[in-house]
Amino acid sequence: MSKKTIYARFPNKDALLVAVVEDLVGGAREAVLNGMTAMADPPAQVLTRFGMQIARDWTAPRVVAIYRLIVSEVGRFPRLAEIFTTTMEMMRSTLTTYLREQADAGTLAIIDPDAGGAVPRRLCGRRTPTMLTAEWSSARHGSWRGAALNP
């Protein structure tokens, strides 16, 4: 594909970067959410499949690289934070809805489906959503970027 073809579709490098991240994050998100497609299976199987998919995907080098890219570039591209938080919200919502439905059906004894649905967000770290959407100062960005890139 030539530069001319790429820039006919994307007005600049910034738009291209955001589109690439959206596509990559969308693929990772769909892989995780597809783990819950067979929701008629017993809850233990559905939740295990969901958790294993998260564990596989979130530790894959490609996904780790996307996360690092988002963290390092979010100061210049706030849209990257929106992509990340939207993805996390979709996963939280899907899991919360499933847990609530199972609790209502009596197949799971869960007191707070909302807390259970927040597990994926907690897995990526308590500070991540805040660090991606907070006011940015050079010092704050540097310390959070360092923590994210050098765990």
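I worked from a predicted model, in which local features need pLDDT of at least 70 and side-chain atom pairs count only at pLDDT 80 or more, while totals for chains, interfaces and linings use all residues. Residues are numbered from 1 along each chain as its sequence is written, and side-chain values use heavy atoms, with hydrogens and water left out.

Entry 1. I looked up helix 2 (residues 13–34) and helix 4 (residues 61–73), which pack at an angle of about 140° with axes 11 Å apart. Helices are DSSP runs (H or I, at least four residues), numbered from the N terminus. Axes are lines fitted to C-alpha atoms over the stretch in contact, and angles run from 0 to 180 degrees between N-to-C directions. The angle makes helix 2 oblique to helix 4; under 35 degrees counts as roughly parallel, over 145 as roughly antiparallel, 65 to 115 as roughly perpendicular and the rest as oblique. I listed the contact (heavy atoms within 4.5 Å): L17, V21, L24, V25 and A28 of helix 2 with R62, V63, I66, L69 and I70 of helix 4. By class I noted nine nonpolar, no polar and one charged residues, where Ala, Val, Leu, Ile, Met, Phe, Trp, Tyr, Cys and Pro count as nonpolar, Asp, Glu, Lys and Arg as charged, and the others, Gly among them, as polar.

Entry 2. I then looked up helix 3 (residues 43–58) and helix 5 (residues 78–105), which pack at about 165° with axes 11 Å apart. Helix 3 and helix 5 are therefore roughly antiparallel. I recorded P43, V46, L47, F50, I54 and W58 of helix 3 in contact with M88, M91, L95, Y98, L99 and Q102 of helix 5. These residues divide into 11 nonpolar, one polar and no charged.

Note on methods: Helix = DSSP H or I, 4+ residues; strand = E, 2+ residues; numbered from the N terminus.
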